[in-house]
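Let's walk through this one from the inside out. Keep the model open beside you as you read.

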Amino acid sequence: MSDLTPQSEAPTPTTDKITQAARETIYLCNFRVSVDGEWLCLRELNDISLTPDPEPAHEDSWEDFTDLVEQMQMLDEFKDPKDPIAIERLNLMNMAKLSIKGLIESALNLGRTLDSDYAPLQQFFVVMEHCLKHGLKSKKTFLGQNKSFWGPLELVEKLTPEAGEITASVKDLPGLKTPLGRGRAWLRLALMQKKLSDYMKTIINRKDLLSEFYEANALMMEEEGAVIAGLLVGLNVIDANLCMKGEDLDSQVGVIDFSMYLKDGAHSSKSTEGDGQITAILDQKNYVEELNRHLSASVNNLQAKVDALEKSNTKLTEELAVANNRIITLQEELERVKEESSYLVESSRKASRADGTANGQVLGETRKQLKEETQLRLDVEKELEVQIGMKQEMELSMKMLEKDICEKHDALVELRQQLDEMRTLNHELSIKSQSSEAGGKQKSDIISRLEEKTNQMGSTIKQLESSEKDMAKQARNLNTAAGKLLQRQQ
């Protein structure tokens, strides 16, 4: 048999194709995901003798070295290093590390409250959902078998009374019809309360209760679950405001987007620089808008003060006109009193000359009337002096008021000039923000093209796998045909 079997050292076209297909095929069951600097790498676990592509050179750091040592120690603890369940747990733990680290870094760089549309936050919830679903026991219902992580999350209410508010809020939310949707809403509310890490530690410490829902080798039952619960503590520095009304949490498809983590150093540095520039422009724009609002408010206040001063000026002008009229009437009255007194003096003199023996009583009455007229004249002069003093004070106040109005007018002109400059600066910043948004759209288009190319490569890989299977079948058929021929020759 061995003599009759053809021995050919030269590679045939069939073997070349099979080898090429094997080199281009990724067997996810024989690889694990690990963190290497800023790369998400697939590390080989079995003894496949295919030459890997050279990895890009990058600067090693102490953090990457410690992560690698921890992963090697965890692999050494496995009884079977090729155990697929253990590999799944390690992959999920590494994905949780990447997701949490990326979410914290991007949130701190963004510097604002996160909402439901933030892509790293959505990916974090997808990864957490996969971690909670790992190793779930299936429960039989009328509609078939069902796997949901809402049951383990309900245990938190029994172990921690503080979580009762979250559970009640989830049950009261309208539109949630499935346990999966309630579990997703529970994760979002716990993150907003910054209690997700505490609640996860609480249920992980009670493995006797978790055994009702999870298999013995599930992630929540092993050490990886405790590691993920510890990593969740870092999310307490993030502020999130998630609106779940109107959001369809029941029918969302939880797929991990690896394109967010498969980035080289140059691209990540450029993207971080672009994000930093965008955030700087937005901060400048917000500062200018705030300054514009303050200037507008100060201009309005000054305008109101100018209007009040103008009203008081018109009122003082009217009072000054009334005082001038009063002074004129008093002067006329004084002239009339002087004329009357002079007339009385002349008449008394004439009477004394004409009749030297006039009645003393008439003379006394005349003197008395003269004294009264003199006193009235003195009173009129005093009132006139008072009115003149008031007029001088009013004129002085009018001058000071006019000076203040001129100063306010100059300040108002300067503020209007500053307001115009701020408006031009705001316009320039808006143009810059629009250009940065256009650059972001170009980047998103490039990312979509890369995703399309990735999908095409996946389809070609599937075609190569199918061709490999067909060639293997042909090889078996050829071997069987050769064996039959050899048996017939014998």
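Start with C131: in this predicted model, the residue is buried, with a relative accessible area of 2%. Now jump to C243, which is exposed because its relative accessible area is 53%, past the 50% cut-off. As for disulfides, a search of the whole structure turns up zero.

Next, the packing. In soluble globular proteins, nonpolar side chains tend to be buried together. Here the largest nonpolar core has 60 residues, and those with the most contacts inside it are L121, F124, W186, M200, Y214, M220 and L235. The largest share, ten residues, comes from α3.

Zoom in on L121 and look at its neighbours. Leaving out residues up to four places away in sequence, L121 touches L103, L114, D115, L191 and L242. There's also a second, separate core, this one of nine residues, with L302, L412, M422 and L429 among them.

Finally, take a look at α10. Which side do its buried residues sit on? E224, G225, I228 and A229 are buried in α10. These four cover an arc of only 140° around the axis, so they lie on the same side of α10.

Note on methods
Residues numbered from 1 in each chain as written. Predicted model: local features only at pLDDT ≥ 70, side-chain atom pairs only at ≥ 80, totals over all residues. Heavy atoms only, no water. Core = buried A, V, L, I, M, F, W, Y, C linked by side-chain atoms within 4.5 Å. Buried < 20%, exposed > 50% of the residue type's maximum accessible area, 1.4 Å probe, protein only. Helix = DSSP H or I, 4+ residues; strand = E, 2+ residues; numbered from the N terminus. Contact = heavy atoms within 4.5 Å. Disulfide = S-S within 2.5 Å. Arc of directions from axis to C-beta.
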